[in-house]
Amino acid sequence: MSQTSFEIQQAAVIGAGTMGRGIVMCLANAGVSVQWVDNNPQMLEQALTTVAETYAHNVRQGRIDQAEADARMARVSAAADYASIRNVDLVIEAVYENLELKQKIFRELNGLLKPEALLASNTSALDIDAIAAATRRPEQVLGLHFFSPAHIMKLLEIVRGAQTSPAALEAALSLGKRMGKVSVVSGNCHGFIGNRMLHPYVLEARKMLLEGAYPQQVDTALQGFGFAMGPFRMYDVVGIDLEWRARELAGKGQDAPEVQVDNRLCEMGRFGQKSGNGYYHYEPGSRQAEHDPEVDALVLRVSEELGFQRRDIGPEEILERCLLALVNEGAKILQEGIAGSAHDIHLVYLNGYGFPADKGGPMAWADRQGLADIHQRLLALETRQGDQWKPARLIGELAAQGKGFADR
């Protein structure tokens, strides 16, 4: 590659939490030297130890040799403050999801870094343009949404803001390639491609708990379809408390009926795998999700308190509602130009969300059903359940032409 001001050779990562650790390893593994900043020196010290332990573990497993582990570790160094990272080509901010905090960091960095340096946020949902607005270099700002654990998960969503320059995007794509990632460019909207589509899918799963289903039943249906894990097992792995704390912090969303089961679990300290209990029970040291009748009793109690008349919900309805919610949102994302193609959506869902590979991705699955059929099924749901099921305009248009998402 020709030497340009955008070839990333030195980077800095801000934040020594779980995401920061994974991102530091991605960069060091790709031959990039990384300076690491965190306002808590103890946390940074611990994080450096964790990275060293991960590399030592990789050596024991025979994945890399000692010389490679040493070379990777040598590329990582602790930096005292922002001033000491002023010469890097790229800064990736990986602090928790708070817009004001991210804007404050970007504002400070803008004045310190060299003019051609790129500023990236590892946000999973926040507005990249609002973050870029805190700087005088919006064309150098983008999102680099890594998936957890970042050094293992293949997917990287590269989020272009309204003013992100083509050169900045190209540099990010080139870095993604060096890190061995499957990189997908997304437009800027809440949740980007992956999490924006996940929202209505999970919402249907949660609604069905209130209407008559139980967590294990929903997960079993979706795992039977081929998903790596159902939504409730996924929440246990990620941590049920993440969204709960985010709702607390935002001061909104805690009253919605569909999050009441989550709220109750969190109030009981059932945060998922990490606490030994979530939607499922986990024996000490085990990741095996075990059915917990106590959770079924809680689901029943919450839905009755909210005044729901419970009914039997079969696997067909679970699949219908979860999959069509995913496809309809995917169609809106294509319609708005947030994703460049159905193929990009497939890359996101196959590499980041455990969608079954043999089904090719959500939009490919819909194409196989025939979009005229999908359109009719969405209209039927709209009649029964309301406006949220209104089919995306694109589905009707493609169905009328006898085309699929792949033909776009």
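Predicted model: local features only at pLDDT ≥ 70, side-chain atom pairs only at ≥ 80, totals over all residues.

A residue counts as buried when its relative accessible area is under 20%.

**Stop 1: two cysteines**

Select Cys 322. Its relative accessible area is 0%, so it is buried. Now pick Cys 189. Its relative accessibility is 15%, and Cys 189 counts as buried too, because the cut-off is 20%. A disulfide is a covalent bond between the sulfur atoms of two cysteines. How many disulfides does the count come to? The count is zero.

**Stop 2: helices α2 and α3**

Select residues 41-60 for helix α2 and residues 66-74 for helix α3. Their axes come within 9 Å and cross at roughly 160°. Angles over 145 degrees count as roughly antiparallel, so α2 is roughly antiparallel to α3. The crossing of the pair is right-handed.

Show the side chains where they meet. From α2, take Leu 48, Val 51, Ala 52, Tyr 55 and Val 59. From α3, take Gln 66, Ala 69, Arg 72 and Met 73. This contact has seven nonpolar residues, one polar and one charged.

Stay in α2 and pick Asn 58. Is Asn 58 buried or exposed? Asn 58 is buried, at a relative accessible area of 13%. Set aside the neighbours within four places in sequence, and Asn 58 touches Arg 63 and Ile 64.

**Stop 3**

Most residues other than glycine have a negative phi, and most peptide bonds are trans.

Go to the loop between β6 (141-146) and β7 (155-160), and find Pro 149.

Next, move to the loop between β8 (182-186) and α7 (194-211), where Phe 192 is found.

**Stop 4: helix α15 and its cover**

Select residues 362-369, which form helix α15. Which residues of α15 are buried? They include Pro 362, Met 363, Ala 364, Trp 365 and Ala 366. Among the elements that cover them are α7, α8 (215-225), α13 (315-335), α14 (342-352) and α16 (371-385). Gly 370 follows α15, and its phi is positive, near 95°.

Now show α13 together with α15. Their axes are 9 Å apart and the packing angle is about 105°. Angles of 65 to 115 degrees count as roughly perpendicular, so α13 is roughly perpendicular to α15. On the α13 side, the contact is made by Leu 323, Leu 324, Leu 326, Val 327, Gly 330, Ala 331 and Leu 334. On the α15 side, look for Pro 362, Met 363, Trp 365 and Ala 366. Ten of the contact residues are nonpolar, one is polar and none is charged.

**Stop 5: Gly 352**

Finish in helix α14, with Gly 352 selected. Gly 352 has 14% relative accessibility and counts as buried. Beyond its neighbours within four places in sequence, Gly 352 is in contact with Phe 147, Met 153, Leu 155 and Leu 347. Then run a distance line from Gly 352 to Ala 133, C-alpha to C-alpha. These residues are 29 Å apart in space and 219 residues apart in sequence.

Note on methods
Residues numbered from 1 in each chain as written. Heavy atoms only, no water. Disulfide = S-S within 2.5 Å. Buried < 20%, exposed > 50% of the residue type's maximum accessible area, 1.4 Å probe, protein only. Axes fitted to C-alpha atoms, helices over the stretch in contact; angles between N-to-C directions. Helix = DSSP H or I, 4+ residues; strand = E, 2+ residues; numbered from the N terminus. Parallel < 35°, antiparallel > 145°, perpendicular 65-115°, else oblique. Left-handed = near helix turned anticlockwise from the far one by under 90°. Contact = heavy atoms within 4.5 Å. Nonpolar A, V, L, I, M, F, W, Y, C, P; charged D, E, K, R; others polar.
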